[in-house]
Amino acid sequence: MKNAYQVLHKVFGYQEFRHQQADIIEALLNNQDAMVLMPTGGGKSLCYQIPAIIRPGVGIVVSPLIALMQDQVDALNQSGVSAGYLNSNQSNDEQQQIEQQLINNEIDLLYVTPERLLTNRMLSLLRRAEIALFAIDEAHCVSQWGHDFRKEYQQLNILHQQFPGIPRIALTATADKRTRQEIIEQLDLHQSKTYLNSFDRPNIHYQISEQNTKAGLLTFIQNHHKHDAGIIYCLSRKKVEETADWLNQQGLQALPYHAGLSQQLRETNQKRFLREDSIIIVATIAFGMGIDKPDVRFVAHLNLPKSIEAYYQETGRAGRDGLAADAWMAYGLKDLMLLKQMIQDSDNEMQQRISHSKLDSLMALCETTSCRREHLLNYFDEETSSSCGNCDICNSPPETWDATDACRKALSCIYRTGQRFGVGYLTDVLTAKSNERIIQNGHDKVTTYGIGKDISVNEWKSIYRQLIAKGYIDINFEQYGALTLSEKARPLLRGEIELKLRKQTKKAAKKSESKAKSTLRDIDEELFEALRQYRYSLAQKESVPPYVIFNDKTLVEMTRKRPSTLDQLGQISGVGDKKKDKFGEQFLTIINQHKIHPWLQNELSDTINTTLELYLKLKDTQAVAEQRQLTVSTIYAHLSSAIKNETIQLDEIVEINDADIRQIRHAIDLCGEGGDDGAKAVFEFLNSEIEYGIIHCVRSSLGTHT
Ligand code: ADP
Ligand code: ZN
């Protein structure tokens with residue numbers, strides 16, 4: 001394992017293993033098999049890459065997608081790891097060269113498709129080579145019940161039979177139990193330990209709103225993702241085209257992607273999305289499989305997906321790099337009607353039932369009044385402890401109201417008008433809108449005419465939508481989408497039960513919906529953009545995607561810490577030795593051109609930074625406290641954190657003089673460090689004569705080498 005840590009630091013430039021990476025790597029190094037379930041972005045690749053590098057021989061990685069292979073191999077090569085792939089897109093010469101490297105044991109990792117692996121030629125090559133391990137990526141492809149079934153995957157147990165004793169690792173991000181069991185069966189992994197991680201994606205902020213307007217989408221993008229890459233999903237090709245056109249008119253760079261476009265255009269658009277920095281892809285669900293881009297900052301749904309599974313998979317494409325990302329969805333009554341109609345139109349009754357129940361679960365997620373993440377994870381049988389604090393509901397809990405009375409009016413209006421009309425008409429009747437059809441039909445005489453004037457038209461629509469979502473109302477598609485009462489409606493109509501509904505959300509929640517860039521402060525924007533542009537030019541030169549040079553997370557850390565030496569640069573997560581040597585000097589030059597006060601070169605929280613900035617200006621804790629409307633001890637606590645983290649030094653704080661420091665140190669020697677209560681003991685020991693906050697700062701400095 002010492003080797004494993006060394007490879008982690010030197011080759012990949014990371015400080016620590018994540019999740020169960022260390023255990024998994026250790027198992028493989030000890031010749032054991034492993035079954036790994038980790039969410040997207042969790043860091044599955046390192047689990048087999050590191051053992052493949054350390055173990056003698058070549059690690060064979062089975063991967064279903066050619067596009068993915070290339071990116072992985074590019075990334076490995078950039079980090080100085082010798083890797084290759086074999087697929088049908090290569091020339092014969094290229095293929096032969098790689099095969100030779102395999103036999104000569106000149107590469108550490110070889111990526112192949114399952115089809116290729118199963119050929120006799122490949123199997124006999126493998127028998128002549130030394131093999132470090134087999135990694136079976138996207139292992140859920142063996143599952144018939146899964147969504148990406150590949151029949152070749154089912155033959156992969158051949159590896160076990162023909163190459164006994166070589167450790168195998170199967171990896172997937174698909175959570176459900178049934179698929180998991182199938183992988184173990186099909187791949188004969190009964191002996192292997194299963195490494196199951198939480199499927200939570202804590203960096204993704206979830207937001208679902210029922211107001212589906214173009215303006216809403218634009219505001220969301222402009223406020224939170226102005227220069228970011230994102231994916232927008234629409235249900236139809238037409239809507240894809242319209243949305244992309246419209247976004248382009250608004251000055252954004254949006255490209256369409258759907259099955260109706262030529263293969264060539266699809267490829268170009270996908271490539272631009274991968275290789276450029278701020279492209280928005282507007283797509284049908286045809287897009288996304290095998291998109292491994294780590295810095296997708298948002299995924300937006302302009303229509304309802306079919307199920308929670310689909311929603312989770314599609315939104316999961318955001319934020320693979322672990323930085324904050326947004327899953328944003330807006331839907332309307334029309335979507336719900338459309339999906340219901342699509343289900344109705346399918347003629348397989350069993351399929352209809354499944355689809356209905358999946359849609360119901362999705363609607364429950366949309367209409368929930370408690371934490372979205374909790375709801376999602378519970379759906380996947382994962383227990384959660386409490387509200388997440390990173391979803392729209394947690395950030396601004398919706399108000400509910402006792403809608404029993406209004407619902408009775410809404411249902412009653414359906415009944416009185418003969419269960420033959422849609423939402424628009426019903427709302428007109430309730431609010432006594434002048435409408436010729438109503439008069440022709442004599443519905444200005446029914447008892448529900450005008451009884452809903454106290455509620456706005458939009459509010460009525462929302463009530464109907466929620467009643468449909470909750471199953472009180474059915475839709476009759478033979479009757480052009482007329483609303484009808486379901487069984488469930490009766491007790492409500494008779495006043496036997498009460499019903500609470502969500503209030504219409506008025507405006508987007510005030511609180512920042514996304515922390516996508518909260519890791520960057522205003523003073524960081526300029527440098528970050530400069531680094532990003534430089535990275536882009538390097539990426540072009542090397543013809544790789546920008547994130548293969550350094551990912552966003554690494555650039556953010558560089559921007560915050562502003563290292564000035566190669567050594568300091570090497571401490572930054574994602575800067576391995578090879579990249580440091582190759583690109584280090586140039587990045588340092590750019591950083592050096594954007595100097596800020598050393599106090600602000602830190603990764604401390606925003607509030608601490610605000611204090612530091614003000615203190616630099618005012619040089620007085622009292623004044624900073626007043627301006628920030630915080631207590632003096634809070635200001636000292638901020639300074640103390642900055643001291644602890646070695647951003648600032650004790651003697652840079654004007655209120656602290658040498659005599660005090662000596663006294664406090666002396667007192668600490670006598671009282672001992674005393675854990676959390678230590679400062680209090682010292683304070684009392686010094687007869688409360690020295691400011692408590694100062695004691696705090698001096699104690700913090702003791703852990704550092706000042
Ligand atoms: P997955 O295949 O599980 O979706 P990846 O293997 O692509 O995820 O890893 C996601 C990102 O996290 C990559 O940018 C990867 O380099 C990074 N990463 C993986 N392990 C670590 C680690 N231990 N420390 C820091 N970053 C890591
Ligand atoms: Zn939440």
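Modeller: Buried area is the accessible area (1.4 Å probe) that two parts lose on being put together, summed over both. This is a predicted model, in which local features need pLDDT of at least 70 and side-chain atom pairs pLDDT 80 or more, while totals for chains, interfaces and linings use all residues. Residues are numbered from 1 along each chain as written, chains are lettered from A and ligands numbered from 1 in written order, and side-chain values use heavy atoms, without hydrogens and water.

Biologist: What is the area buried between domain 2 and domain 4?

Modeller: About 1,100 Å² is buried between domain 2 and domain 4, and carbon and sulfur atoms give 54% of it. On the domain 2 side, Arg 275, Asp 277 and Leu 323 lose the most area to domain 4, together 49% of what that side buries.

Biologist: Where does domain 2 lie in the chain?

Modeller: Domain 2 covers 204-339 + 359-381, and domain 4 covers 519-596; the bounds come from an automatic or database domain assignment. The C-alpha centres of domain 2 and domain 4 are 29 Å apart.

Biologist: How many residues of domain 2 and domain 4 are in contact?

Modeller: In domain 2 there are 14, and they are in contact with 11 residues of domain 4; contact means heavy atoms within 4.5 Å.

Biologist: Why is the pair between ligand 1 and Glu 16 called a polar contact?

Modeller: A nitrogen atom of ligand 1 is 2.8 Å from a polar backbone atom of Glu 16, and a polar contact is a pair of N or O atoms within 3.5 Å, so the pair counts. An oxygen atom of ligand 1 also lies 3.1 Å from a polar backbone atom of Gly 43, and a polar side-chain atom of Arg 320 is 2.5 Å from an oxygen atom of the ligand.

Conventions:
Polar contact = N/O pair within 3.5 Å; in protein donor to acceptor, adjacent residues only side chain to side chain.
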